[in-house]
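Hi everyone, thanks for making the time. I'd like to walk you through one model today, so please have a look at it before I start talking.

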Amino acid sequence: MIGLRGAIDHRLAEAFRALDLPPELARATPSDRPDLADFQCNGALAAAKRVGRNPREIAAGVAEALAAAPEFAGVEIAGPGFINLRLSDAALSARAGEIASEPRVGAQTVETPRRVLIDYGGPNVAKPMHVGHLRSSIIGESLKRLYRFRGDETVGDAHFGDWGYQMGLLIGAAMDADPWIRALVEDLNAAGTELSPAAEAAAFAGLEARISLADLDRMYPEAAALGKTDEAYRNRARRLTAELQSRRPGALLLWRHFARVTQVALARDFHALGVDFDLWKGESDADPLIPEMVADLEARGLLEDDQGARIVRVGRQGDKRDLPPLLVVSSEGSAMYGTTDLATILDRRRTFDPEQVLYVVDQRQADHFEVVFRAAVLAGYAAEGQLEHIGFGTMNGTDGKPFKTREGGVLKLNDLIEMTRDRARDRLREAGLGAELAPEAFEATAHQVAVAALKFADLSNFRGTSYVFDLDRFTSFEGKTGPYLLYQAVRIKSVLRRAAEQGLQPGDIRIEDPSERELALLLDAFDDALSEAYERRAPNLVADHAYRLAQAFSRFYAACPILPAEGEVRASRLALAGVILRQLELCLDLLGLSAPERM
Ligand code: ARG
C-alpha cells in the first residue's frame with residue numbers, strides 16, 4: 001500500500017509529466033496551514049524557474065489535471081503558485097480503514113533488508129554505569145527495535161568494557177584485600193596452567209564468598225583514586241593488565257569472576273529498563289584476534305614505531321584538524337581501547353558479517369571512532385561508510401554538567417530507576433490510583449511510568465542535543481512526557497474495554513469531524529515518520545509521531561464522544577480509536593515503552 005501521501009505524489013507526477021514538467025519536482029508535503037489544506041505542492045515554482053514560464057500558469061495547469069482525481073475535495077492555487085490540496089472525507093475514510101486492516105498499521109518494510117549490528121550500552125566491568133551508558137542503552141535499544149521493525153536483520157551487542165586498565169586495578173585491589181585471593185592468584189600463575197573443572201568450581205565458590213558486586217563497587221573508586229596519585233600502584237595495575245591480556249591463569253581467573261558478577265547485575269538492571277542485548281560480548285572477545293591483526297597490519301605496511309609504541313597513522317590530505325594515530329600496542333605491550341575496537345570489527349565480520357554497524361556512543365568519543373574507522377578502511381576491514389558513529393549529547397544536571405548524584409558521585413542506573421519510580425508512585429497516588437490498584441499492580445504500573453518518564457525524556461530530543469534532568473517534568477502526566485503518552489493509551493484502552501463489556505462492535509471508519517481528519521492524516525503519516533527516523537537514525541521522530549497521535553486522540557475524544565454516540569457513528573469512532581491505539585502502542589514499543597491497563 002502506498003498510502004495517501006504516496007498516492008498524491010503519484011497524481012502530481014502524472015500531472016507534471018502530462019505538462020512536460022520535470023516529475024521529480026512533483027512532491028506533496030503536509031500543509032503549513034492545516035486550516036486551508038492537508039497537503040501542499042511547491043513544485044510549480046521550481047518547475048517555472050526551470051522551464052522559464054509563469055508559476056501560477058503552471059500551477060493552474062496542474063490543478064486542472066488534478067481536479068478530477070477522486071482523492072481530492074479541493075485543489076486551490078495560492079500566492080505565487082503553491083498548490084493547496086484538501087483530501088476528501090471518502091479518501092481519508094478509505095485509507096483509515098485500510099490501515100486498520102493491516103497488521104503493521106500502515107508501516108512498510110525496507111526494500112532491501114540488511115544485516116545491521118548495533119553496538120550500544122557499553123558498560124564497563126566493575127565501574128558503575130553513568131548517564132552516557134544510560135543514553136546509549138535507551139537510544140541504541142530504540143534504534144535496534146526500529147531497524148528490526150523496518151525489516152533489517154539486527155544484532156544488538158553490549159560490547160562490555162572488560163579488557164582495560166580498570167581490570168588490572170581491580171585484580172591488584174582484590175589481592176591486597178584478601179591473602180587467600182593473593183595466594184590463589186600467585187599459585188595459579190606459578191603453576192602456569194589452568195585449573196581442573198573441580199578445582200575451578202571451588203576457586204569460584206571461594207571468590208564468590210569473598211568478593212560481591214557491592215565489594216567491586218567499593219573497591220573500584222578506591223583503586224582508581226590510588227592509581228591517579230600513586231605511581232607504583234598505577235604501574236602495578238598496568239603490569240597486571242598486561243598479565244591479564246597475556247592470559248596468565250591467575251589474573252584470568254579473577255577477571256572471569258569479576259565479569260560474571262558484573263554481568264549478572266547489569267543484565268538485571270538493563271532488563272528492568274526494557275533493554276535486552278542479543279550479544280553480551282566484550283572487548284575481551286576480540287583479544288584472541290589481536291596477534292594476527294597486528295601481523296596483518298604489519299604486513300600491509302600500516303604499523304609504525306613511535307617511542308616504543310606501535311601506531312597506525314590515519315591523517316588524510318585535506319583534514320581540517322589533526323587526528324591522533326591509532327595506538328595499537330602501547331609501550332608496555334598492552335592492547336588499547338582502539339586495538340580491541342579494530343579487532344572487534346574483524347571478529348564481527350567473521351561471525352555476523354554486518355553490512356552496517358552503528359556505534360551508539362557519547363559524542364565525546366567522536367574522534368576515537370573516526371580514528372578506528374579510518375584504520376579499518378585502510379586495513380581493508382570495512383568499507384567507507386559501513387561503520388557509523390551515532391553520537392549523542394549528555395544528560396545534564398541543573399548546573400549544565402553531566403548529571404551526578406547529590407553527593408557528586410556517578411549515577412548508578414539502579415538508583416536512578418529507583419528515584420524515578422519513587423516520583424512515579426507519588427504521581428499515581430496524586431491521580432488517586434493508590435487506593436484503586438492492588439499493591440502488586442500499583443508497583444508494576446509505577447515501574448512502567450518511571451521507565452516511560454526516563455526513556456521518553458531522552459528520546460523526545462534529537463540525540464545530538466543535551467538535556468537537563470528534571471524528574472518533576474519527566475514524570476508529569478501532562479505535556480510532552482512519557483507518562484502523558486501512557487495515559488492517553490490507557491484512556492483508549494478503557495473506552496475499548498467498556499465498549500466490549502457492552503457488546504459494542506467497531507464498524508467501518510467514516511471520517512467526518514475535523515478531529516477525525518487530523519487522526520486519519522496522522523495514521524497515514526506513520527510510515528513517513530518511521531522511514532525518516534530510520535534514515536536519520538533519529539528515534540525522536542517516532543517520539544514526535546506518538547505525541548502527535550496522543551494529542552490528536554485527546555482532541556478527538558473531546559469533540560466526538562464515543563460510547564454515548566449511536567449506531568454507525570459509534571461503530572466508526574470505536575474502530576478509529578482502536579487503530580489509533582494500535583499505532584500508538586507500536587510507537588511506544590519502538591521507543592521501548594509499554595502502557596499499563598490502568599493509570
Ligand atoms: N565501554 C565504553 C565506555 O564506557 C563504551 C563502549 C562503546 N563501544 C565501542 N565499541 N567502543 O566508554
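Let me begin with residue classes: Ala, Val, Leu, Ile, Met, Phe, Trp, Tyr, Cys and Pro count as nonpolar, Asp, Glu, Lys and Arg as charged, and the others, Gly among them, as polar. With that convention, the shell around the ligand holds two nonpolar, four polar and two charged residues. Its members are Asp119, Gly122, Asn124, His159, Gly161, Asp341, Tyr359 and Val361; a residue is taken as near the ligand if its C-beta atom, placed from the backbone, lies within 6 Å of it.

Two housekeeping notes. This is a predicted model, in which local features need pLDDT of at least 70 and side-chain atom pairs count only at pLDDT 80 or more, while totals for chains, interfaces and linings use all residues. Residues are numbered from 1 along each chain as its sequence is written.

Now the overall picture. The C-alpha trace of the protein chain spans about 90 × 65 × 45 Å along its principal axes. The chain has 23 helices and 13 strands, where helices (H or I, at least four residues) and strands (E, at least two) are DSSP runs numbered from the N terminus. It is divided into domain 1 (3-87), domain 2 (117-161 + 282-392), domain 3 (165-272) and domain 4 (413-591), with bounds from an automatic or database domain assignment. Between the centres of domain 1 and domain 2, taken over C-alpha atoms, there are 47 Å.

On to packing. A residue is buried if 20 or more other C-beta atoms lie within 10 Å of its own, exposed if 12 or fewer, and partly exposed in between, with C-beta atoms placed from the backbone. Of the 599 residues of the protein chain, 45% count as buried. A nonpolar core is a set of buried Ala, Val, Leu, Ile, Met, Phe, Trp, Tyr and Cys residues joined through C-beta atoms within 7 Å. The largest one has 140 residues, and Leu85, Ala96, Leu485, Val542, Ala546, Ile580 and Leu591 touch the most other members. Helix α23 (residues 567-591) supplies the largest share of this core, 13 residues. Apart from it lies another core of 33 residues, including Val125 and Trp163.

Asp20 counts as exposed because it has 8 C-beta neighbours inside 10 Å. Arg537, also not a glycine, has a positive phi near 50° and lies in the loop between α21 (514-535) and α22 (540-559). With 18 other C-beta atoms within 10 Å, Arg537 is partly exposed.

That's my tour, and I'm happy to take questions.
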